[in-house]
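Subject: Structure handover and notes

Hello,

Here is the structure for you to look over. My notes follow below it.

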Amino acid sequence: MSRPIMDTPPISPDSPWLAPMAGYSDLPFRMLCRGLGCAAACTEMLSAKGLSYGGHGTERLLASAPGDRPLVVQLFGADPAAFARAMDRLGRDGFAHFDLNAGCPVKKVLKTGGGAALLSDPERLVALARIMVRAAGAGRVGVKLRLGFSQGEDVFADLGRRLEQEGVGWLCLHPRYARQMFSGRAEWAKVRELVRAVGIPVLASGDLFTAGQAVACLEQTGAAGVMFARGALCDPAVFARFAALRSGLPAPEQTPAQLAETVRRHVELARDLDGTARGLRKIRSFIPRYAKGLDDIRALRTRLARCSSWDGLLEAAGDIARLGPAAPAPD
Ligand SMILES: Cc1cc2nc3c(=O)[nH]c(=O)nc-3n(C[C@H](O)[C@H](O)[C@H](O)COP(=O)(O)O)c2cc1C
């Protein structure tokens, strides 16, 4: 039986989350977003099997720090025994909140029978959620779903109801089918359907590129909260813009000086939390996305590609303040 702990991470319209993003939602990026108003953050997806065997790559994805809370560890896979071992180990390491990936459509994950493949294997999906809830306690586990595997296979509402009965604390819906990958538009109306179908909170994900879109999504769907993904990758300050809009203020404008400050902060966090050559290469790949709207982005890109030291990166970050003109402020 699941332990009677109702200890959900913050879920409310004013508590935006950072979505799980493989390759991106690492410790420095999570800390950057937290500093800008992100209320809870997810790790990159971790293989339950890899975790239970202690693979080096998987271990790295678990890197965390004291300010990195609330943290939701996302698992993918399909093997119940591996999930039980992984949850046991994560619990011993002090992690408290978890998410089951039932939406990832990439081949590498589908091959394991996990991710979006679980949408076509409901018994397994429910069994994995049950294992996680038993290990973590009711209210501490969420499931991230897509609508179904192929167009027209709308399994999300039935699955949502079954998962609620298992003690799952929240659901997140990215309202596209797995086969769509990222094509077409996220169908927010289906988020509304899920909100009506279940009694547990539903987080909306999908095409939330700006703060204004996230506010509109909340209004249109009645979702309990939102999760920023690609929106945060291009503009980590989307969390601050969202907070401003929600409190009736105009979203702050993005100036090159503010952008330079965000980039400097990200570089410092990466240097302090993952000061390896790998960490340096990774942060270099983030920055051009932030500076997308600026005029001299090509020159910046070339310069970043040549940067082989943290000091060089900090200098390049500072120079963003002198680039122009400012990107049009995302709303
Ligand atoms: C680069 C990238 C990596 C992602 N990795 C994951 C992941 O590890 N687990 C997951 O559940 N979703 C993952 N997603 C999906 C996002 O969490 C989110 O649901 C999706 O991007 C839709 O939101 P958006 O349109 O606002 O970006 C990823 C998305 C992107 C763009």
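A residue is called buried if 20 or more other C-beta atoms lie within 10 Å of its own, exposed if 12 or fewer, and partly exposed in between, with C-beta atoms placed from the backbone. Helices (H or I, at least four residues) and strands (E, at least two) are DSSP runs, numbered from the N terminus. This is a predicted model: local features need pLDDT of at least 70, side-chain atom pairs count only at pLDDT 80 or more, and totals for chains, interfaces and linings use all residues. Residues are numbered from 1 along each chain as its sequence is written.

Start with β7. Five of its five residues are buried, and the strand is mostly covered. Trp170, Cys172 and His174 point one way, while Leu171 and Leu173 point the other way. In general, side chains in a regular strand alternate between the two faces of the sheet.

β6 is largely enclosed by the rest of the structure, because six of its six residues are buried. Val141, Val143 and Leu145 are on one side of β6. Gly142, Lys144 and Arg146 are on the other. Both faces are covered.

How do these strands pair? Two strands count as paired if DSSP finds at least two bridges between them. β6 and β7 pair in the parallel sense, over five bridges. Gly142 has Trp170 of β7 as its bridge partner. Arg146 has His174 of β7 as its bridge partner. β5 and β6 also pair in the parallel sense over five bridges. There, Phe98 stands opposite Val141 in β6.

Helix α6

α6 covers residues 122-136, which is 15 residues. Its first and last C-alpha atoms are 21 Å apart, close to the expected 21 Å. The expected span is 1.5 Å times one less than the number of residues.

Which residues of α6 are buried? They are Leu125, Leu128, Ala129, Ile131, Met132, Val133, Ala135 and Ala136. An α-helix has 3.6 residues a turn, so residues three or four places apart point the same way. The cover over the buried residues of α6 includes α4 (80-92), β5 (97-102), β6 (141-146) and α7 (156-165). Contact here is by C-beta atoms placed from the backbone, within 7 Å of each other. Gly137 follows α6 and has a positive phi, near 105°.

Domains

The protein is divided into domain 1 (17-246) and domain 2 (256-320). These bounds come from an automatic or database domain assignment. The domain centres, taken over C-alpha atoms, are separated by 28 Å. Ten residues from domain 1 and ten residues from domain 2 make the contact. On the side of domain 1 that touches domain 2, α1 (27-35) and α10 (230-234) each supply at least two residues. α1 gives the most, with five residues. That side of domain 1 has nine nonpolar residues, one polar and no charged. Ala, Val, Leu, Ile, Met, Phe, Trp, Tyr, Cys and Pro count as nonpolar, Asp, Glu, Lys and Arg as charged, and the others, Gly among them, as polar.

Ligand shell

How many residues surround the ligand? There are 21, and the closest are Ala19, Pro20, Met45, Ala229 and Arg230. By class, the shell has nine nonpolar, eight polar and four charged residues.

Backbone points to check

The peptide bond from Arg69 to Pro70 is cis, with omega near -10°. Pro70 lies in the loop between α3 (56-60) and β4 (71-76).

Met181 has a positive phi, near 50°, and is not a glycine. Met181 is in the loop between β7 (170-174) and α8 (188-197). Is Met181 buried or exposed? Met181 is exposed, because 11 other C-beta atoms lie within 10 Å.

Asp207 also has a positive phi, of about 60°, without being a glycine. Asp207 sits in the loop between β8 (202-204) and α9 (211-221). Asp207 is buried, because 21 other C-beta atoms lie within 10 Å.

Two more residues

Phe286 lies in helix α13 (residues 277-290). Phe286 counts as buried because it has 20 C-beta neighbours inside 10 Å. Ala299 is in helix α14 (residues 297-306). Ala299 counts as exposed because it has 12 C-beta neighbours inside 10 Å.

Best regards

Methods
Contact = placed C-beta atoms within 7 Å. Near = placed C-beta within 6 Å.
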